[in-house]
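I opened my notebook to get to know a new structure, and I am glad to have you along. Here is what I looked up, entry by entry.

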Amino acid sequence: MFWTLPPRCQATPSSDEGEGDTAWDVAYVLFLNPEPHRTGTSGEQLVSCLVEHFGPGDKRPTPVHCELLVTGARAFFATYIGSTGARWYGNASDSTAYYLTQNGARWRAVPAPVRSASVQTAADRCDGAPYSMIKYLTSLRFARALARLWPDFPRSPAHCAVLTARVLKLAGCVLRWSSAWYAPGSLYNELVEAMPPPSGAST
């Protein structure tokens, strides 16, 4: 798994924390790179192909899936094709096999620019949001102008990037576009571009 440096968090400490306390738990947005040789159902392969080739395209390989990791809770918040909806996934043996054994080298992790407690609270509000494949249409370049027409309530239908963007917004992260505008790759690009350079790096 590839990890980037934490960004400067723009959130405001809650009243129960010391004024100088900035050592907050970190939530990560995880991005999954495409498989060299596609496997899975025909629907999964179709979505991966669309996202990879008609997504943002300026950073290769283009991620084909994203979700959230809350380190304090040691849990993943995600939605998948064929699932009953967005939910928390724990550290059971099947999760370990999926995240580490099967796909460990394909993940990229970007620190969320908001507190992990805020991410967890926002994800709880979105728990149960139905999966929506149709919303990939407005995540593609030629239809993004229509993305703002989709409802964006906590439990409105969503694919992985829409759900992740929605949770980040509810947690206080300022994103440029409506949640339904994002594909995994475009969300990755925006989060990485917003990160400050490493300490000591030239500007």
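Predicted model: local features only at pLDDT ≥ 70, side-chain atom pairs only at ≥ 80, totals over all residues.

**Entry: aromatic pairs.** I began with the rings, pairing those of Phe, Tyr and Trp (its six-membered ring) if their centres lie within 6.5 Å, and calling planes under 30 degrees apart stacked, over 60 edge-to-face and the rest tilted. By this rule I got ten aromatic pairs. In one of them, the ring centres of Phe 31 and Tyr 188 are 5.1 Å apart and the planes stand at 80 degrees, so I noted the pair as edge-to-face. Phe 31 belongs to strand β2 (residues 26-32) and Tyr 188 to helix α5 (residues 184-194), so this pair ties together parts 157 residues apart in sequence. I take helices (H or I, at least four residues) and strands (E, at least two) as DSSP runs, numbered from the N terminus. Phe 31 and Tyr 188 are both buried; that means under 20% relative accessible area, with exposed over 50% and partly exposed in between (1.4 Å probe, protein chains only).

I then looked at Tyr 98 and Tyr 99, an edge-to-face pair with 5.0 Å from centre to centre and 80 degrees between the planes. Are these two buried or partly exposed? Tyr 98 is partly exposed, at 22% relative accessibility, whereas Tyr 99 is buried, with a relative accessible area of 5%.

**Entry: ground rules.** Residues are numbered from 1 along each chain as its sequence is written, and side-chain values use heavy atoms, with hydrogens and water left out.

**Entry: the whole chain.** I found five helices and six strands in the protein chain, in the order β-β-α-β-β-β-α-β-α-α-α from the N terminus on. Of its 203 residues, 47% count as buried. I also checked contacts, meaning heavy atoms within 4.5 Å. Among those between residues at least 6 apart in sequence, 69% join residues at least 24 apart.

**Entry: helix α4.** How many of the eleven residues of α4 are buried? Nine are, so the rest of the structure largely encloses this helix. Among them are Cys 160, Leu 163, Arg 166 and Leu 168. The buried residues of α4 pack against β2, β3 (65-70), β4, β6 (107-115), α3 and α5. Just after α4, I noticed Gly 172 with a positive phi of about 110 degrees.

**Entry: α3 meets α4.** Helix α3 (residues 116-126) packs on helix α4 (residues 160-170) at about 125 degrees, with 8 Å between the axes. The contact is made by Val 119, Ala 122, Ala 123, Arg 125 and Cys 126 of α3 together with Leu 163, Arg 166, Val 167 and Leu 170 of α4.

**Entry: Thr 79.** My last stop was the loop between β4 (75-78) and β5 (87-89), where Thr 79 lies. Thr 79 counts as buried, at 2% relative accessibility. Leaving aside neighbours within four places in sequence, I listed its contacts, including His 65, Tyr 131, Cys 160 and Leu 163.

Definitions and conventions:
Axes fitted to C-alpha atoms, helices over the stretch in contact; angles between N-to-C directions.
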